[in-house]
Structure formats: C-alpha cells, structure tokens
Amino acid sequence: MVSSIQSIALAALLLVSSANAFSPTRTRNAASPSTTTSSSSTSLNGVRSTVARVRDSIMAKERSREDLKIGIAGFYDRSSQLWEDVWGEHMHHGYYVPNDRTDHVQAQIDLIDEVLKWSGVPEPAADGSNASILPKKCVDVGCGIGGSSRHIARKYGCTSNGITLSPYQAGRGNELAIEQGVADLCNFQVADALDQPFEDESFDLIWSLESGEHMPDKEKFVNELFRVATPGGRIIIVTWCHRDLEVGESSLNSKEEKLLAKINRAYYLPRWCSVDDYVNLLKSQGAVDIRREDWSYIIAPFWKAVIKSSLNVKSVLGLAKSGFSTQRGAYAMLLMLRGFDKGLIKFGLITCSKPEAIVKKAVQAE
C-alpha cells in the first residue's frame, strides 16, 4: 500500500498549490462599469469551465482523440520545465539495480542503455570493428525534451529524429541539441505518432520510451512503428500497461477499470492495454524475434525518489506555478502507486524486428 509519508508529501504539495491559486490579488486601478461587466462575464465562463473540468474528472469521463492531443500537448508544455529543473533532461524512470542506488540521474541514463542491451542492440566496439551493424537512423517516438535521442546519437554516432505533441518539448530538445553539440545528429519536431511525417522504411532503430500509454489507437501506433522501420530494423516499446488477463477473463474487473479511468483523466491517457495485446499486434504485422519482459520491480524505487524530491522549496514553488493539470497529475501519482502495488499496473518491455522480407499472402477468391 501507499505509505502515509508518501500521501502526506503529495498532499502538502497540493495544499501549497491550492493556497497559491486562490490567494487574493490587488488591482492597480478601480475598474470602470464596462470593464467590471466584461470581467464578471469572463469570470463566470471561467467558473463554468472549471466546474465542467471538475465534473468530468470526478466522473473519469473518457476523452476524445482530439481532446487527448490538445491535453497532452498542454500538459507537457506546462510541466516539462518543472521536471527538467528538478530531474534534468531525461523524462522517464530509472534502472534500479541494485535497488538502493541513489544516483538517480545516472539510473535514468542506465535505463536507456540496459533497455538497448536487453533488446539486442549491440554495444559499439572500442575499435569500431562492429560499426556496420550499429544503428544508423533512430526515431524517438514521444521524445520528451530529447534526452534519449541525444544519448543514443552520441552512443552510436547515428542520427535521431524525435517527435512529440508538445511545441515546448520540441523547441527545448533542439536547444539542448545545440548546447550539447549534437545538432547535426538530432532534430525534434511536433508530430503525431499515429501519423508520422516520415517515409516508409526510414529508420533502423524505433525507440518508444514511456509514450505508448498516450496512444488512443494502439493498433495504429504499432502499424506506424512498423511502417517507418527498415527491413531488419529493431523496434523497442517500453510502456506502462495493465496486467495480462487471466485464462477465462474477458476484461479487467470493475474496480480496476475505475482506478485506471481516474488515472487517465489526470494524465491524459486513453484506455490501457496489456503487454499481451502489444505482442499480438506485433505478430499481426509479421514481426520476428518478439520478446517481452516485466521490469516493474526494476523501476519501483524511482517512485519514492520522485516523491522525496518534491520535499523541497524549489519543487513546491514549481508545482504551485505549474497549473491545475500538473497539480492533478501529482495527485494521480498516488493512484498509480495504488495500481502498481496491487499488480494492476506493469512496466512492460517489448521488442521485435521487422523481417527482412514480408511475404504477403494472396487473397483467394471464393
């Protein structure tokens, strides 16, 4: 179960945020009647909008695909700077082996390297003897501010194109690429992962780290990953999933569905799927060398580290300024922890290769 210390930590952040949001402010000059009327109308519309959002949050109403796109972009536009200020350029979990490590930034970098190793992507040889089999072109689907892209580009000397729905993230990613001297290898742009702006068979390394959970159409998401992969290319998906269904189950139980629905409202997520679902989608594309693994236990200590990092003035002030959706996301972390503790929420790794040649079956007329 979620510890009382963790609950108090996030509750404290939310209370501070609420106090900041509702503190009275002074006006410089007395308002004219027309200005007062206009302000009252605007305020009334704002109240109605807030009431609608609160109602939908309480009811855990499922969002449309367009609402999700707008919400995701806005959420990360507002929250990415706060995350970078506290945690740096890597917007994902860390690799906690051993589980008591405290070098959290390095743990995030290690997660990238360990996932690549687990997926069968070779390490660069010191003498360059295996350069011919290393990735040449990578796409980072859901790139955040580009931490993974830049690390992969430096590691392999490959190009890396990152896509995100957030204009802030794309801009910041390009800024950091210039600052770190990899602008010739990395490029970041605003694009939809379900409709990628790339030609077929463009990349030999397809990297999606903690972005699949945002995709409202998992089949189309997998189809796009497969489409832009070169024959023989490696596809890597690291994502939050719900548990696999047991034999005889056709769906999660109602309590599990309700918990996930609440999380979805806070984090702008569509319906969840299981690792099994991803594997079946990849099989339907003709993928080969499909492997999967549950790394929930490996990233678990990261949750405590994130909550501990919130217990400082910088984090509290940052969250207070970040707005309602980011604050709601902080509260929803408690729900994530609950689902994680119950075995409902899993941190899944899935990898496969696109076959060198896809044999399409002829459709026979009856």
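Visitor: Where does Asn264 lie?
Guide: Asn264 lies in helix H8, which spans residues 254-267. Helices (H or I, at least four residues) and strands (E, at least two) are DSSP runs, numbered from the N terminus. This is a predicted model, in which local features need pLDDT of at least 70 and side-chain atom pairs count only at pLDDT 80 or more, while totals for chains, interfaces and linings use all residues. Residues are numbered from 1 along each chain as its sequence is written, and side-chain values use heavy atoms, with hydrogens and water left out.

Visitor: Is Asn264 buried or exposed?
Guide: Asn264 is buried, because its relative accessible area is 11%. Buried means under 20% relative accessible area, exposed over 50%, and partly exposed in between (1.4 Å probe, protein chains only).

Visitor: What does Asn264 touch, not counting residues up to four places away in sequence?
Guide: Arg63, Leu269, Pro270, Arg271 and Trp272. Contact means heavy atoms within 4.5 Å. As for Ala332, 68 residues apart from Asn264 along the chain, the two C-alpha atoms are separated by 9.0 Å.

Visitor: And Glu256, buried or exposed?
Guide: Glu256 also lies in helix H8. With a relative accessible area of 15%, Glu256 is buried. Leaving aside neighbours within four places in sequence, Glu256 is in contact with Arg243 and Leu344.

Visitor: Switching to Lys346, which element is that in?
Guide: Strand E7, residues 345-353. Lys346 is partly exposed, because its relative accessible area is 26%.

Visitor: What is Lys346 in contact with, leaving aside neighbours within four places in sequence?
Guide: Thr239, Trp240, Cys241, His242, Arg243, Asp294 and Ser296. Thr239 is 107 residues apart from Lys346 along the chain, and their C-alpha atoms are separated by 8.3 Å.

Visitor: Which residues touch the most other members of the largest nonpolar core?
Guide: That core has 50 residues, and the ones touching the most other members are Leu116, Ile152, Trp207, Trp240, Ile263 and Trp295. A nonpolar core is a set of buried Ala, Val, Leu, Ile, Met, Phe, Trp, Tyr and Cys residues joined through side-chain atoms within 4.5 Å. Another core, of 28 residues, lies apart from it, with Phe226, Ile235, Cys273 and Ala287 among them.

Visitor: How do H4 and H5 pack?
Guide: Helix H4 (residues 104-118) and helix H5 (residues 147-156) pack at an angle of about 60°, with their axes 11 Å apart. Axes are lines fitted to C-alpha atoms, for helices over the stretch in contact, and angles run from 0 to 180 degrees between N-to-C directions. H4 and H5 are therefore oblique to each other. Angles under 35 degrees count as roughly parallel, over 145 as roughly antiparallel, 65 to 115 as roughly perpendicular and the rest as oblique.

Visitor: Which residues make the contact?
Guide: Ile109, Ile112, Asp113 and Leu116 of H4 meet Ser148, His151, Ile152, Lys155 and Tyr156 of H5.

Visitor: What about H7 and H9?
Guide: The axes of helix H7 (residues 218-228) and helix H9 (residues 275-284) come within 10 Å and cross at roughly 50°. H7 and H9 are therefore oblique to each other. Lys218, Glu219, Phe221 and Val222 of H7 make the contact with Tyr278, Leu281 and Leu282 of H9.

Visitor: How many helices and strands are there in the protein?
Guide: There are 13 helices and seven strands. Of the 366 residues in the protein, 49% are buried.
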